[in-house]
Amino acid sequence: MILVTGGAGFIGANFVLDWLSHSNEPILTLDKLTYAGNVENLHSLQGDTRHTLVQGDIGDRDLVAQLLAQHQPRAVINFAAESHVDRSIHGPGDFIQTNIVGTFNLLEAVRGYWSGLPAADKAAFRFLHVSTDEVYGSLAKDDPAFTESSHIEPNSPYSASKAASDHLVRAWHHTYGLPVLTTNCSNNYGPYHFPEKLIPLLIVNSLAGKPLPVYGDGQQIRDWLYVKDHCSAIRRVLEAGRLGEVYNVGGWNEKANIDIVHTVCALLDELRPRADGRAYKEQITYVTDRPGHDRRYAIDARKLESELGWKPAETFETGIRKTVQWYLDNPQWVAHVQSGAYRDWVQKQYA
Ligand code: NAD
Ligand code: TYD
């Protein structure tokens with residue numbers, strides 16, 4: 001079996017669902033269930049004996065040690081993190097605590113478990129750490145895309161905390177021999193994406209007749225990957241990645257934010273036209289830019305492709321259409337995540 005941390009969040013939940021649709025190997029999910037963790041994401045697994053959810057903190061070393069001893073996983077996949085850049089600007093403390101201190105405690109618990117395994121299990125064990133392209137910092141317009149040997153130059157409290165966790169994972173391999181793998185992925189989108197992030201926020205606000213907030217000039221570039229393609233990349237790296245290596249994950253889909261906004265608006269015009277017959281793009285509103293806003297991210301995923309033969313299945317056009325359709329088909333999921341805590345965040349960020 002495998003242990004997945006953060007498996008009730010956006011990518012973690014997609015990973016758990018994806019894994020169990022490909023394999024009968026059981027999963028133990030450990031998730032603190034912060035505002036971003038949502039048991040409804042795993043609703044379809046209710047009663048499925050292949051999946052167990054435990055509410056708890058990756059920083060709780062005793063709990064993690066106990067779970068490892070009891071369930072004897074052959075791998076740990078670490079998704080658990082505070083993940084939203086804007087929240088890290090308002091309050092970096094939780095990011096330091098979970099992404100750095102939490103990862104440290106998780107690594108220590110895993111090291112204790114791994115070092116006591118019989119030789120064959122020890123050799124087969126893997127710790128896969130899920131990270132982000134944001135650790136590489138910001139690119140100028142004509143710079144080449146980030147490779148695995150690009151400088152680590154994080155600019156936000158979020159990306160700095162993720163970079164720190166990547167360094168810890170690397171050090172636990174070099175110093176203690178822990179069999180680790182790290183993936184650094186570009187921006188994901190798809191089902192179960194919490195509507196504080198750009199794409200789900202645009203869909204949800206469009207349908208509610210609310211402004212579509214574009215930070216600054218809207219010309220910042222992100223490299224978008226459909227979440228299920230990220231999941232298949234993680235499965236492949238877990239299966240065949242070389243120990244201690246870093247693999248960049250991306251789909252060669254660089255888009256300016258304003259183009260994303262127009263694409264989502266056009267899809268909604270087609271799939272769920274406004275009652276008054278006007279275009280959703282009329283709701284676009286330029287707002288104050290994010291402090292320290294990185295201008296451009298782009299991932300060079302050739303290592304993953306040439307070494308492990310991974311390629312994304314979706315283009316941006318197919319993935320974004322599926323995503324908009326998913327939000328149209330799941331209004332109840334949206335209504336449930338828009339809790340009081342969510343409304344407080346929107347008020348704080350966009351007031
Ligand atoms: P998310 O915020 O949607 O989910 C994070 C999950 O971790 C939640 O379920 C939350 O409850 C849980 N969690 C938070 N703190 C915890 C703790 N201390 N102990 C246990 N669980 C805890 O995030 P996401 O978008 O699904 O991202 C998952 C991982 O992928 C993160 O490590 C993130 O840095 C990385 N990543 C995200 C993207 C992206 O575009 N979203 C891109 C590349 C990498
Ligand atoms: P986001 O989804 O927060 O991801 P990240 O900051 O990790 O890349 O934001 C994606 C891009 O969209 C980023 O350049 C910031 C921008 N953005 C807006 O313009 N308006 C918004 O309301 C949000 C949430 C993001």
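Predicted model: local features only at pLDDT ≥ 70, side-chain atom pairs only at ≥ 80, totals over all residues.
**Helix α2**

Begin by selecting residues 61-71, which form helix α2, and colour its buried residues: L63, V64, L67 and L68. These four span an arc of only 130° around the axis, which places them on the same side of α2. An α-helix has 3.6 residues a turn, so residues three or four places apart point the same way. Turn the view to the other side of α2, where D62 and Q70 are exposed.

Next, display what covers the buried residues of α2: the cover includes strands β1 (2-5), β2 (27-31), β3 (51-55) and β4 (75-78), together with helix α4 (93-115). Then move to Q72, which follows α2 and has a positive phi, near 50°.

**Ligand 1**

Now select ligand 1 and the 28 residues around it; I11, D31, S83, Y158 and K162 come nearest. Coloured by class, this shell divides into 12 nonpolar, 12 polar and 4 charged residues.

A polar backbone atom of G9 is 2.9 Å from an oxygen atom of ligand 1. At F10, a backbone N or O atom lies 3.0 Å from an oxygen atom of the ligand. At I58, a backbone N or O atom lies 3.0 Å from a nitrogen atom of ligand 1.

Switch to a surface view: ligand 1 taken alone exposes 830 Å², of which the protein buries 97%. Finally, select the elements that give two or more residues to the shell, namely α1 (10-22), β5 (126-132), α6 (157-176) and β7 (187-189). Among these, β5 gives the most, with 3 residues.

Conventions
Residues numbered from 1 in each chain as written. Chains lettered and ligands numbered in written order. Heavy atoms only, no water. Buried < 20%, exposed > 50% of the residue type's maximum accessible area, 1.4 Å probe, protein only. Arc of directions from axis to C-beta. Contact = heavy atoms within 4.5 Å. Near = heavy atom within 4 Å. Polar contact = N/O pair within 3.5 Å; in protein donor to acceptor, adjacent residues only side chain to side chain. Areas by Shrake-Rupley, 256 points an atom, 1.4 Å probe, with all protein chains shown as cover. Nonpolar A, V, L, I, M, F, W, Y, C, P; charged D, E, K, R; others polar.
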